[in-house]
Amino acid sequence: MKKIRLVILLILISNLLSAQNESKITQFDKALNQFINVRDFCISKDGNEAFFTVQSPNQEISQLAYIKKKKNGWSKPELLPFCDSYMYLEPFLSYDNNRLFFVSNRPLNDSINKKKDFDIWYVERDNKDELWSKPKNIGKPINSELDEFYPSVSKNGNIYFTMVSPDGFGKDDIYYCEWKGDKYSNPILLDKNINSSGYEFNAFISEKEDFIIYSKYNEKDGQGSGDLYISKKDTKGNWKSAVNLGIPVNTKYMEYCPFYDEQNQILYFTSKRNNIHSRNFDTISEFRKYINESNNGLSKIYKTSLKIK
């Protein structure tokens, strides 16, 4: 009887600690619950602009949206003006906030109606009060006949991205290109402390390139599905073995698309975590509110405080 009580007590304590840990992870903003799938988030250095991807249930439609900080909260989401019938996803702001990188399968030429493979593109502006330019393909040597995804750019202009290449270690691998002042180097495959024979993708690079946060899929030391990992550089500038960020960031569900606000030490990421449970409802509106606002298994943007030393 004492053993049974002890087991029950341990379960209750475990559940309580889990709930407390989980409470540290919050949705970025409930205003985004109007969208079925939201992913790929970045925020400006001053914290007044945020960009993200909105998608249809099965991701056939993918568009870029933005919000701006106002006195009473965030503005209503709006689509970026250059979005059209092609796919747009994975926005990332440059260090000065005046170049927005993203991924699209839009054709190179506006006169062509046939979609391309996924390339990295960008738009520019003189300052935050100006309009964005027309989309520009970043070109070779970054883009190729293969698909390139998830651009992330350091303070010095080096760009990191995901590519599926026969020359890589595995399925998806992370590459980077050095910015030489007037051109990029050829893509460089990150070593086996980052990449493996499995899936590595969605890499966020820090401003000084001293740490990288990215997703690995179905790893032995993972919580399940996709998990977020971090790797730091040693004193010689080499990447150390990646470490799982652990609970409560990672769950048995999919965690991906990290973005780290270094000034405020906040990690933003996409997750398909699900804590919905059966309960009674008095009205349809109550039911709808609960389903839409809960961690409901659909992709949403989450945030948590995270100190990286």
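Colleague: Which residue in β12 is the bridge partner of Phe-149?

Modeller: The bridge partner of Phe-149 in β12 is Thr-162. Please note that this is a predicted model, in which local features need pLDDT of at least 70 and side-chain atom pairs count only at pLDDT 80 or more, while totals for chains, interfaces and linings use all residues. Residues are numbered from 1 along each chain as its sequence is written, and side-chain values use heavy atoms, with hydrogens and water left out.

Colleague: How many bridges join β11 to β12, then?

Modeller: There are 4 bridges between β11 and strand β12 (residues 159–163), and the two run antiparallel. Strands are DSSP runs of E with at least two residues, numbered from the N terminus, and two of them pair if DSSP finds at least two bridges between them. β11 and β12 make a hairpin with 5 residues between them, and Gly-157 in the turn has a positive phi of about 95°.

Colleague: How many residues of β11 are buried?

Modeller: In strand β11 (residues 148–153), 5 of the 6 residues are buried, and the strand is mostly covered. Buried means under 20% relative accessible area, with a 1.4 Å probe and protein chains only.

Colleague: Changing topic: in what order do the strands from β7 to β10 lie in their sheet?

Modeller: The order is β7-β8-β9-β10, an open sheet of 4 strands with antiparallel pairing. β7 and β10 (136–137) are the edge strands, each pairing on one side only. Between β7 and β8 there are 4 bridges, again in the antiparallel sense, and Tyr-88 stands opposite Ser-104 in β8.

Colleague: And the sheet with β15, why is one side of β15 and of β18 left without a neighbour?

Modeller: That open sheet has 4 strands in the order β15-β16-β17-β18, paired antiparallel. β15 and β18 (243–244) stand at its edges, each with a single partner strand, so one side of each has no neighbour in the sheet. Further in, β16 (residues 211–217) and β17 (residues 226–232) pair over 7 bridges in the antiparallel sense, with Tyr-229 in β17 as the bridge partner of Tyr-214.

Colleague: On to the rings. How many aromatic pairs does the structure hold?

Modeller: It holds 23 aromatic pairs. Rings of Phe, Tyr and Trp (its six-membered ring) pair if their centres lie within 6.5 Å; planes under 30 degrees apart count as stacked, over 60 as edge-to-face and the rest as tilted. One of the pairs is Phe-51 with Tyr-66, which is tilted at 6.3 Å centre to centre and 35° between the planes. Phe-51 belongs to strand β3 (residues 49–55) and Tyr-66 to strand β4 (residues 62–70), so the pair ties together parts 15 residues apart in sequence.

Colleague: Are Phe-51 and Tyr-66 buried or exposed?

Modeller: Phe-51 and Tyr-66 are buried. Tyr-88 and Phe-102 form another tilted pair, with 5.9 Å centre to centre and 40° between the planes. This pair links Tyr-88 in β7 to Phe-102 in strand β8 (residues 99–104), 14 residues apart. Tyr-88 counts as buried because its relative accessibility is 0%, and Phe-102 counts as buried at 0% as well.

Colleague: Which residues do ring pairs link into a cluster?

Modeller: Phe-28, Phe-41, Trp-74 and Tyr-268 are linked in this way.

Colleague: Which ring does Arg-99 lie over?

Modeller: Arg-99 lies over the face of Tyr-122, 4.0 Å from the ring centre. The criterion is that NZ of Lys or CZ of Arg is within 6 Å of the ring centre and within 35 degrees of the ring normal. Likewise, the charged end of Arg-273 sits over the ring of Tyr-302, at 5.3 Å from its centre.

Definitions and conventions
Buried means under 20% relative accessible area, exposed over 50%, partly exposed in between (1.4 Å probe, protein chains only).
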